Every structure is written in structure tokens, then in C-alpha cells.
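Please open the structure in your viewer and keep the selection tool at hand.

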Amino acid sequence: MHRSSTCNFMYGDLTDKNTIDKIRKTFDNYESQFYEVLLYTKNRTPIWLYMQVAPIRNENEKVVLFLCTFRDITLFKQPIEDEATRAGWAKFARLTRALTNNRNLVQQLPPLSKAEVSHKPSRLAEALQLGSDILPQYKQEAPKTPPHIILHYCTFKTTWDWVILILTFYTAIMVPYNVSFKTKQNNLAWLVLDSVVDVIFLIDIVLNFHTTFVGPAGEVISDAKLIRMNYMKTWFVIDLLSCLPYDVINAFDNVDEGLSSLFSSLKVIRLLRLGRVARKLDHYLEYGAAVLVLLVCVFGLVAHWLACIWYSIGDYEVIDETTNTIKTDSWLYQLALSIGTPYRYNVSGTGQWEGGPNKDTLYISSLYFTMTSLTTIGFGNIAPATDGEKIFSVAMMMVGCKYFPILKGNSSIFKPGPYVLHILVSN
């Protein structure tokens with residue numbers, strides 16, 4: 001499985017060059033063909049092999065692999081004189097081994113006697129030949145399934161899985177943002193989009209109850225009862241909780257604030273669907289560019305999550321609920337002063353703190369801080385001040401010192417040399 005099907009590692013001095021070219025063209029053109037070729041064993045002993053190549057096609061008529069059959073026909077060719085076969089005992093042992101391995105073929109055809117090594121097809125090849133009208137078309141047949149069962153690798157299911165994958169990334173971005181910034185989807189466009197996502201996730205549950213899966217032994221399971229049992233034991237609960245319309249419930253104005261926070265927190269369960277992403281993207285990990293793109297996307301997603309957590313910590317600590325006072329050392333208070341939108345206490349009206357930066361500015365500032373902390377040590381214009389902010393910053397720097405070198409190392413494979421070692425020296 002780790003060598004070429006052309007058997008080029010078995011070529012030697014007496015291997016016919018024309019036959020080598022024909023074998024290579026057979027694989028390049030996805031053809032069915034047979035050859036007599038002289039190859040060499042591991043101990044450099046020349047042997048004649050009858051090589052038969054048959055392409056195997058899938059249900060889409062695409063060649064997915066080749067079936068190569070080899071038969072030892074050395075006995076029916078002129079023995080090749082070399083140092084390994086000149087001795088009488090070696091020649092006798094070689095003849096005995098050939099007679100044992102080819103007892104049935106010996107009874108059919110007598111050995112040929114020729115004066116020199118010949119690469120022309122022998123009478124044995126004519127007997128073993130399977131022409132184009134005889135050679136069967138090898139194909140991977142799709143397993144027979146009931147009418148209401150969908151194959152997990154069919155075109156429709158593959159396309160559907162990519163749609164679910166994209167929507168999963170969408171929820172991985174929007175769910176933490178909505179939970180941390182406590183946004184109610186009052187915007188009709190966003191509310192419709194989130195409702196469509198919930199409906200698609202619900203349809204995905206129905207399809208999963210009718211989709212085959214691969215069993216422990218590698219077989220395709222198409223029994224409806226086994227499919228339902230397997231799905232109920234694995235992803236059903238997570239998928240069901242992830243498709244509930246939390247955004248529609250939060251959109252109502254009469255929903256209690258505590259209940260709304262609970263529904264917003266339950267949306268985080270949707271992030272568990274990211275466990276399926278690894279299975280979908282596993283096929284692309286052998287490509288360097290795909291690995292780099294994947295690492296960049298994961299890095300941005302982690303920075304987004306940390307930005308949401310960073311804002312949540314600042315929003316929780318900026319106002320002391322017990323004394324109804326504001327903490328002037330919080331990063332939110334300092335940011336509000338620096339951009340000219342300070343917090344103010346409404347004495348005559350609501351009796352609460354108002355003002356401060358808008359949500360867009362807060363998110364951009366949070367993402368800026370997490371990016372600088374993950375890639376470097378930050379610039380100090382946004383800095384942790386409270387104990388909670390400092391603890392979170394330490395944890396974020398530990399994540400950055402582990403993850404960012406991996407991203408940097410994978411991106412360096414696309415840069416032509418020479419490579420330079422950068423050393424950071426601190427006073």
C-alpha cells in the first residue's frame with residue numbers, strides 16, 4: 001500500500017523499457033491491460049510475472065483504485081543466466097519451487113525454449129489473457145438500501161453536510177456574541193435568519209434518522225431500526241437542544257430578564273455540534289494549505305470566543321450591584337473615558353448607570369485586546385485592572401503561547417528559504 005502500483009521498485013537491468021512505458025500509460029489512462037514483465041525480487045533474483053491491471057470504478061464511473069493480479073510464469077520462460085542461477089543446486093531448487101507453485105499450469109503448457117531473453121507474450125499469456133470482451137468491469141456497487149434510507153456518502157447528503165457545517169460555524173460565531181452582549185433579536189432580518197437556521201437543524205434531525213452509518217466492522221448499516229438506535233445514543237439530544245427556537249422566545253418584550261438569560265445560555269449547547277466539524281475536515285488535513293487555512297479560522301474563532309468572555313467579565317465587574325457604584329479601574333470605564341463616552345448615573349430618571357461605548361465599539365475593542373494578547377503581550381492601551389480581568393488575561397496568554405507558535409510554524413512552510421531565527425530579548 002506504500003509502494004507504486006507500477007512496481008518500479010522491482011525494475012532491473014533486464015526489465016524491458018517499452019513494457020515499463022506501457023504499464024505507466026495503462027495507469028495514466030485508466031485502462032485494462034495485461035503484460036509479461038521481468039522484475040527483480042528483494043534479493044535481486046529476476047523473475048517473470050504475468051501482470052494484469054483492471055481499474056475499479058465507483059457508482060459515478062470514476063476510477064478509485066486498480067486491481068493488479070500477478071502470476072509467476074518464470075518456469076515457462078527461458079531461465080536467465082546470472083550468478084544466482086549458475087550453480088546446479090540453485091537451478092534445481094529454482095525449478096522445484098516453480099513446479100510446486102505452478103503445478104496446475106505445468107499440466108497445461110510445456111515450457112518454451114528460446115535462445116535469448118524475450119519480452120514477447122508467451123503461449124501462457126495467450127492462455128491467461130482476458131480481453132476487453134472477457135475482462136469484467138470492476139465497480140464498487142452501492143449497497144442496496146430501502147427507499148426511505150439515504151446513503152451517508154451520496155451527493156445529496158454530502159452537499160447537505162456542507163450546508164450544516166457552514167451553519168454550525170455561523171452559530172459558533174453568533175451564539176457567544178448574543179449570550180455575552182445580551183442582544184435580543186429585535187431585528188426582523190436576523191430573527192428570520194436564525195429561525196431558518198433552526199428549521200434547517202430540525203430537518204437535519206429528521207434526515208439523520210434515515211441516513212446510513214458505518215458499523216464497527218466497516219460495513220454500511222442500512223437497517224432503519226439500527227440507524228434510529230445509533231442516532232438516539234449519539235447526537236440526538238445535542239441536535240434537539242440546538243434546534244430549539246431560543247431567539248424567537250427572547251424576541252418577546254414581556255420575557256423576564258432572568259428567563260431570557262437562561263434561554264441565551266442554553267444556546268451555547270449548539271457549540272457542541274462543532275464536534276462533527278473535525279470528522280468533516282479530517283480528509284483535508286493532508287494538504288498544507290488546507291491546514292493553514294483551518295488553523296487561521298480556528299485562531300480567529302478562539303479570539304472571538306475570548307473577546308466575548310473578556311467583555312462579559314468587564315460588564316459584570318464595572319458596576320457594583322450591592323452599592324450601585326462604578327469601578328473606575330475597570331477596563332470598560334477606562335475605555336469609555338478615552339473615547340469620550342463616559343458612564344453617567346441617571347438620578348432623576350431610572351436611577352441606574354447609563355452611557356458608555358456602544359456594542360460595536362465594545363466588541364471591536366474586546367477582539368483587539370484578545371488578538372494582541374494571543375499574538376504578543378498586548379500594547380497596554382487596553383489592560384486588565386481587576387482581579388478577574390487579570391486571571392483571565394493570564395489564562396489567555398497561556399493559550400496564546402501554545403497556539404500561536406503552531407500557527408506560525410505551519411505558515412512558514414509556504415515561505416521560501418532562508419529561514420531566520422527571531423530571538424526576543426527583554427531587559
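**A hairpin, and onward**

Begin by selecting strand 2 and strand 3, which form a hairpin with five residues between them. In the turn, Glu61 has a positive phi of about 60 degrees. This is a predicted model. Strand 2 covers residues 46-57 and strand 3 covers residues 63-72; the two run antiparallel and are joined by nine bridges. Next, select Ile56, and find Leu65 of strand 3 standing opposite. In a regular strand the side chains alternate between the two faces of the sheet.

**Aromatic rings**

Display the aromatic side chains: the structure holds 14 aromatic pairs. One of them joins Tyr231 and Phe236 in an edge-to-face arrangement, with 5.9 Å from centre to centre and 75 degrees between the planes. Both Tyr231 and Phe236 are buried. Then select Tyr177, Phe181, Tyr311 and Tyr363, which ring pairs link into a cluster.

**A surface patch**

Select Val237, Leu240, Leu241 and Leu244 and show the surface. Together these residues form a nonpolar patch with about 290 Å² of accessible area. Leu241 lies in helix 8, residues 236-242. Is Leu241 buried or partly exposed? Its relative accessibility is 31%, so Leu241 counts as partly exposed.

**Cysteines**

Finally, select Cys308 and Cys401. Cys308 has a relative accessible area of 2% and is therefore buried, whereas Cys401, at 47%, counts as partly exposed. A disulfide is a covalent bond between the sulfur atoms of two cysteines. How many disulfides does a search of the whole structure find? The search finds zero.

Conventions
Residues numbered from 1 in each chain as written. Predicted model: local features only at pLDDT ≥ 70, side-chain atom pairs only at ≥ 80, totals over all residues. Heavy atoms only, no water. Patch = residues over 30% accessible without salt bridge, like charges linked within 9 Å, V, L, I, M, F, W, Y side chains within 5 Å. Areas by Shrake-Rupley, 256 points an atom, 1.4 Å probe, with all protein chains shown as cover. Salt bridge = Lys/Arg side-chain N within 4 Å of Asp/Glu carboxyl O. Helix = DSSP H or I, 4+ residues; strand = E, 2+ residues; numbered from the N terminus. Buried < 20%, exposed > 50% of the residue type's maximum accessible area, 1.4 Å probe, protein only. Pairing = 2+ DSSP bridges. Disulfide = S-S within 2.5 Å. Phe/Tyr/Trp six-rings, centres within 6.5 Å; stacked < 30°, edge-to-face > 60°.
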